[in-house]
Amino acid sequence: MTPHRGRLRLAGFVRRETPPSARAGIAHRPVQRFPPIDTQPHNDTLVEIRDLHFSRGGRPIFKGLSLKIPRGSITAIMGPSGTGKTTLLKLIGGQLKPERGQILVDGVDVHRQGLADLYRLRRRMGMLFQSGALLTDLSVFENVAFPLREHCKLPERLLRTLVLMKLESVGLRGARDLMPSELSGGMARRVALARAIALDPMMIMYDEPFTGLDPITMGVIVSLIKRLNDALGLTSILVSHDVQEASSIADYLYLISDGQVVDAGTPDELETIASEWSHQFLKGLPDGPVPFHYPAPDYLTDLTEGR
Amino acid sequence: MLGPLQRLGRWGLGVFERLGRGHLFLLRILLSLGVAVTRPRLVIKELYSVGVLSLLIIAVSGLFVGMVLGYQGYITLVKFGAEEALGSVVALSLVRELGPVVTALLFAGRAGSALTAEIGLMKTTEQLSGMEMMAVDPVKRVIVPRFVAAFISLPLLAAIFSAVAVMGGYFIGVGLLGVDAGSYWSQMQANVDFYKDVMNGIIKSLVFGFVVAWIAVFEGHDTVPTSEGMSRSTTRTVVHSALAVLALDFILTGLMFGDI
Amino acid sequence: MTTRTIEIAVGIFVALGLAGLFMLAMQVSNISEYRNTDGYTVHAYFNNIGGLKVRAPVTVSGVRVGRVTAIRYDPERYQARVEMTISANHDYLPADTQASIYTAGLLGEQYIALEPGGEDDVLVHGSEIYYTQSAFVLEEIIGRIMVNMTTH
């Protein structure tokens, strides 16, 4: 990477450190950090999924899934466990290949790219894994520095500044010398978040960011996602089954079940227009269209049969 | 009736599938080997955990193997009044067979299993996947340096093993059992041919290094990302490496020394 | 563990490995013989070389002075032609030196023993050793003894 890029990146940073009042204005301005790969005019959709089919081990996971993720917003994709939400993120990131259908990210078909182009695209995508996926043999500092070291030849002092700024933005500048094994789950996720924004991506994908956290940490993560999205002009894709937290920050919700989108809308819209299934899911009702009981023969006959 | 046949067939297909994946993976490694030249520091770091940390076990084992060879060789040779030939017996068995083979077996147990466990853990904790999403190719960043380090380490370790073992044989044969020091070394030099014996031994350990490194990184990368999957992969690395080393040793010995 | 310590440790490791290789080459094997090629080559014809091999030692009074470099069968003389290289510092061997193939010990390997004669001329590069004694073949000797015993 050329030093030119490094300067641009730093410029992006300075913007972030502006006071909140100024920040709000910046968030609405389309932020363009990198020259676009394609010459296609920029529309409002960053990620578009068209008629996605995917199955694993003979079991269909997506059956014609289509959705659009608007630029600059937080979009939550929700659904019960086992609906392939993580798989969806891996498909968007190009780690898995769909059987049918297309995924366009910033107008580029992810699965029609050569390896080099795919890697170039991935530099502009951040992903936060559920476990954090920190490199266990590197310290917190080195973990955040990792993508920078791999992709750009920066002088050590500039690198240090950048890493400390990223760490500061997740509130962990003081934890720079800790090893990943010394971090709590929430801290690991915050470090991973600092690492995900290290290359100033255009989007971040969060894989179940709220799972397994205590309420305080959860609150920290929720507000971080919101703050980073607004301050950096990111597009955030949130995959979760934590209805409360997700709908509290998401601009738009997709509910997926059985390989397809069941309902979509803003949180307020879903309150009113949601289908019966979505209603059950959003409210966490134990019985409804999704029955409490796994399909079984009649209870009474089953019990008496054994005699 | 057809049940066992079907199981056999499924097992066979599974073996071929794994072999195929293993070779494709090897191809990816070989195509990415350039990173070992452009970023030698990555290799050096792995040389430490693969080579330096194996040094002690190799040296100690070498010493004991050499001392046992000295004893056993002496006991047998003294019956024919040929204890002067002890040096050549010790050295020939070491440089031709024991050095490369025992080192490769120990190396598979010490470093190969550690490599598999390390890579497997990185896969299980999504570190490899995370690297991919950071646009860093894990084959280049993680696999190739480890593969190259293992491949380089084994011949060096085998040489250290043989050298230490020759000294071990000397301690026992000359120091303890009273074989003449001069004839120990001169018999050795008279009967060990540099090209035919030493070079062939080095070639053997290069081949073993390649195979053990390949198996170890493949098993790690191919592991089922659970703790049970990892333990199975680690076991497989040791077992498959040992079998591959012994089988290849037979073939190589036939090719190298078969014409006598 | 700092990078520096790791690099030093790796350096030591590689140095040890190379030292091991060096020892195997210099101390254990015969590479020094390959290296030491300055010498002169003489040849001799034997009726029977027994189990003599290329690279077998050539000695004078038991002291090693060279080695056998080539063995081939000469179809014109119906004899085995043995070439041997003798180190340059042993340039005093008389031209009428005799070469015999002996066995080291009862089961040991075979070697060539040179017995110096009395001429003033010395062996030089390309000379032929005229006086040779073939290898001692056990069956032949036993056969001869048997014949002697039956004729008596």
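**Entry 1: a strand in chain C**

I started with a bridge: His43(C) has Glu83(C) as its bridge partner in β4(C). I'm working on a predicted model, where local features need pLDDT of at least 70, side-chain atom pairs count only at pLDDT 80 or more, and totals for chains, interfaces and linings use all residues. For my own bookkeeping, residues are numbered from 1 along each chain as its sequence is written, chains are lettered from A and ligands numbered from 1 in the order in which they are written, and side-chain values use heavy atoms, with hydrogens and water left out.

Strands here are DSSP runs of E, at least two residues, and helices are runs of H or I, at least four residues, numbered from the N terminus. Two strands pair if DSSP finds at least two bridges between them.

Next I looked up who pairs with β4(C). Strand β1 (residues 39-46) of chain C does, antiparallel, over 8 bridges. Strand β3 (residues 63-74) of chain C also runs antiparallel to β4(C), joined by 8 bridges. One of the partner pairs I noted is Asp74(C) with Gln79(C), the latter in β4(C). The hairpin of β3(C) and β4(C) has 4 residues between the strands, and there Tyr78(C) takes a positive phi near 55°.

Is β4(C) mostly covered or mostly open? Covered: 7 of the 9 residues in β4 (residues 79-87) are buried (under 20% relative accessible area; exposed is over 50%, partly exposed in between, with a 1.4 Å probe and protein chains only).

Ser153(B) sits in helix α6 (residues 138-176) of chain B. Ser153(B) counts as buried because its relative accessible area is 0%. Leaving out neighbours within four places in sequence, I found Ser153(B) in contact (heavy atoms within 4.5 Å) with Leu47(B), Val50(B), Gly51(B), Phe107(B) and Phe13(C).

Val139(B) is in helix α6 of chain B too, and is buried with a relative accessible area of 1%. Not counting residues up to four places away in sequence, Val139(B) touches, among others, Phe25(B), Arg28(B), Ile29(B) and Ser32(B). I also checked Val139(B) against Ile160(B): they are 21 residues apart in sequence and 30 Å apart in space, C-alpha to C-alpha.

**Entry 2: who lines the largest pocket**

Which helix gives the most to the lining of the largest pocket? I found that α3(B) does, with 8 residues. Helices that each supply at least two residues include α4 (115-122) of chain A and α1 (3-28) of chain C.
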